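These are my notebook entries on a structure that I looked through element by element. I kept each entry to what I looked up.

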Amino acid sequence: MTATEAPPLQLDEIQGIVLRNRPSPYVGTYILLRVDDPGAGRQLMGRLAELVDSAANWWQPDLPALLNVGLTYRGLEALQVPPAALNTFPEEYRQGMAARAEFIGDTGESAPARWEPPFGTGQVHVVLSLLAADQESLAVVLERARKAHAQLPGLQFVHRQDFYQLSTGRTSFGYKDGIGNPTIEGSGAESPPGDGSVLKAGEFVLGYPDETGNLPPMPQPAELGRNGTFVAWRKLHTRVAAFRRYLHDNSGSPEEESLLAAKIVGRWQSGAPLILAPEHDDPALGADDQRNNDFRYESDPRGAICPHGAHARRANPRDSEIIGDVRLHHMIRRGTNYGPPLPAGILDDDGADRGIVFVFIGSHLDRQFEFVKSQWLNEGNFTGLDQEKDLLTGDNDGSGIFTIPQHPIRRRLHGVERFVTTRGGEYFFLPSLSALRWLANPDA
Amino acid sequence: MTAQSSARSATPTVTRQPDGLGKRVGEVAEITVLFDAKPGGAERFRQNAAKIQDDAWHYEKLVGTVHDFRVAFINNDTQVIGAVTYDGDFKPYMADIFANAAPWFDEMFEGVAEGYPGATDPHIVDWLATKIVEADMWYASNPTMTVEDTAKAQKVTQAFNALLDTASS
């Protein structure tokens with residue numbers, strides 16, 4: 001176990017979702033609201049300050065349910081936050097995710113013009129995130145959320161996105177997810193062994209030093225910015241049948257198919273990392289939280305075991321030799337699943353909408369989320385792969401390639417299409433509990 | 001012009017960087033900055049020039065995306081130009097560059113460039129952005145070759161020649 005120092009973080013000020021792992025199994029929903037009347041929006045913030053869950057004692061057993069809140073920049077405008085404060089928010093947050101589409105690869109089928117309403121239209125102002133261990137607990141937290149926005153006609157409900165953990169405990173692509181969140185200095189918790197790095201709290205929470213030794217740029221006044229953070233929220237449709245067919249068409253047997261999939265993902269379906277289980281899946285390893293993230297890539301500099309282009313190695317290259325500094329590009333991820341699973345063995349699309357609600361949390365939308373998306377997943381130069389993109393999540397167009405280093409000659413797959421399509425997304429600011437009170441009366 | 005070069009594919013298009021700073025062609029981009037020099041700044045720089053030059057190999061290797069970088073004092077040492085050719089987008093790697101090569105930038109510009117906030121200052125990128133002068137013309141001979149590609153191509157050529165040498169010996 002990696003022990004961190006006593007918590008200097010103000011845990012009772014930080015929203016719970018920032019540090020708390022989700023329960024397993026889990027069920028939940030995102031409720032999206034539009035603020036038509038600033039007074040109503042401010043009342044909502046005041047009520048939520050008393051209702052949202054903080055990160056206090058976050059390492060204790062899971063709360064049965066968790067209520068948290070985020071705001072888009074349009075949401076802050078709708079609350080009529082003074083311009084002096086609005087102008088202190090980072091540029092990419094102010095622009096919003098849709099405006100950043102070209103840069104992060106949301107083009108073609110993933111372009112904002114094709115997103116599901118209300119995403120990217122400016123109609124999403126507030127998100128209420130409700131996460132629970134079961135339906136009964138969800139009902140309780142739904143009631144809390146209802147109390148928060150009840151009898152405020154100046155608020156408009158605009159969308160609801162349900163999510164739940166599949167019975168397999170895996171993503172729609174069939175892989176165990178949620179492994180490998182960073183260890184945060186001063187969080188007071190013990191983390192399962194990882195690559196050995198312990199990251200400065202300021203990478204994930206505003207108001208604390210980050211990996212550069214500086215305080216991250218923070219919205220002002222300090223009461224508004226401190227203990228807050230940013231979220232990139234994305235609804236990602238997974239083209240599971242197309243992915244399975246691609247694996248099938250490029251393999252000679254079920255065993256080959258399984259190995260090819262592991263080369264693409266960097267882990268086997270159980271969650272066992274390829275680098276620790278090079279030949280075949282090891283479900284006991286995958287299920288063991290003390291072992292399934294305890295590795296580095298130093299033994300595999302050429303990618304002969306885990307390709308440099310494998311999804312997990314791209315998203316966190318750990319100690320791999322790359323262009324740039326891995327410490328500056330870590331992400332807290334809180335992804336969840338939506339839609340029905342595609343039954344095993346089916347290679348034809350059934351038309352159902354299924355996928356992942358990807359949630360990034362961190363202090364730097366630009367050098368964390370946008371960097372990883374644009375430089376590590378939609379590019380290959382950082383790791384010697386030129387224009388090659390991530391096979392699983394990259395913005396491929398049918399002409400993509402995937403390189404598998406092997407002896408004596410590398411194997412290269414061609415004709416990679418897009419297996420994940422963006423259906424919508426927003427950038428949110430996750431204020432501290434004190435900031436929610438500030439937002440209830442921003443003119444004071 | 002040779003028949004070979006005229007048969008090449010269409011002329012690459014030079015555009016502005018997607019994030020709006022400097023010019024871009026293919027994988028390669030340029031940026032030029034113009035600072036006012038502090039009184040005595042040029043002398044200070046030149047006193048350290050040999051070390052700055054030596055350190056370049058170390059720090060640029062860490063950064064890994066820079067093709068070339070030059071610094072020149074102009075107008076009777078009252079101004080200083082920095083010009084870089086590098087790979088990819090401008091903003092994404094700035095944090096990495098200043099996090100890893102801060103001592104080198106400070107060695108070059110502390111006490112030299114007017115208003116220089118220091119490479120570890122959180123607002124260094126914003127300050128730098130105000131100093132950019134965009135090229136009005138820019139030519140890059142191999143716009144699809146990154147620094148990484150060039151190094152790899154060199155290795156492949158050397159290995160291939162070694163193979164041919166072995167086969168013919």
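**Hairpin in chain A**

I began with β13(A) and β14(A), which form a hairpin with 6 residues between them; strands here are DSSP runs of E of at least two residues, helices are runs of H or I of at least four residues, and both are numbered from the N terminus. I noted that this is a predicted model, in which local features need pLDDT of at least 70 and side-chain atom pairs count only at pLDDT 80 or more, while totals for chains, interfaces and linings use all residues. Residues are numbered from 1 along each chain as its sequence is written, and chains are lettered from A and ligands numbered from 1 in the order in which they are written.

I then looked up the pairing: β13 (residues 400-404) and β14 (residues 411-416) of chain A are antiparallel and share 4 bridges, where strands count as paired if DSSP finds at least two bridges between them. Within this pair, I found A:Phe402 opposite A:Leu413 of β14(A).

**Sheet in chain B**

In chain B I traced an open sheet of 5 strands with antiparallel pairing, in the order β1-β2-β3-β5-β4. Its edge strands are β1 (15-16) and β4 (66-74) of chain B, each of which pairs on one side only.

**Two helices in chain A**

I next checked α2 (residues 38-51) and α7 (residues 135-149) of chain A, whose axes come within 8 Å and cross at roughly 150°. The axes are lines fitted to C-alpha atoms over the stretch in contact, and angles run from 0 to 180 degrees between N-to-C directions. The crossing angle therefore makes α2(A) roughly antiparallel to α7(A), a term used for angles over 145 degrees.

From α2(A) the contact takes A:Leu44, A:Arg47, A:Leu48 and A:Leu51, and from α7(A) it takes A:Arg144, A:Lys147, A:Ala148 and A:His149; residues are in contact if their C-beta atoms, placed from the backbone, lie within 7 Å. I recorded these residues as 4 nonpolar, 1 polar and 3 charged, with Ala, Val, Leu, Ile, Met, Phe, Trp, Tyr, Cys and Pro as nonpolar, Asp, Glu, Lys and Arg as charged, and the others, Gly among them, as polar.

**Between the chains**

Last, I looked up the interface, where 19 residues of chain A are in contact with 18 residues of chain B. On the side of chain A that touches chain B, α13(A) gives the most, with 5 residues, and that side divides into 6 nonpolar, 8 polar and 5 charged residues.

Terms used: Angles under 35 degrees count as roughly parallel, over 145 as roughly antiparallel, 65 to 115 as roughly perpendicular and the rest as oblique. Two residues are in contact if their C-beta atoms, placed from the backbone, lie within 7 Å.
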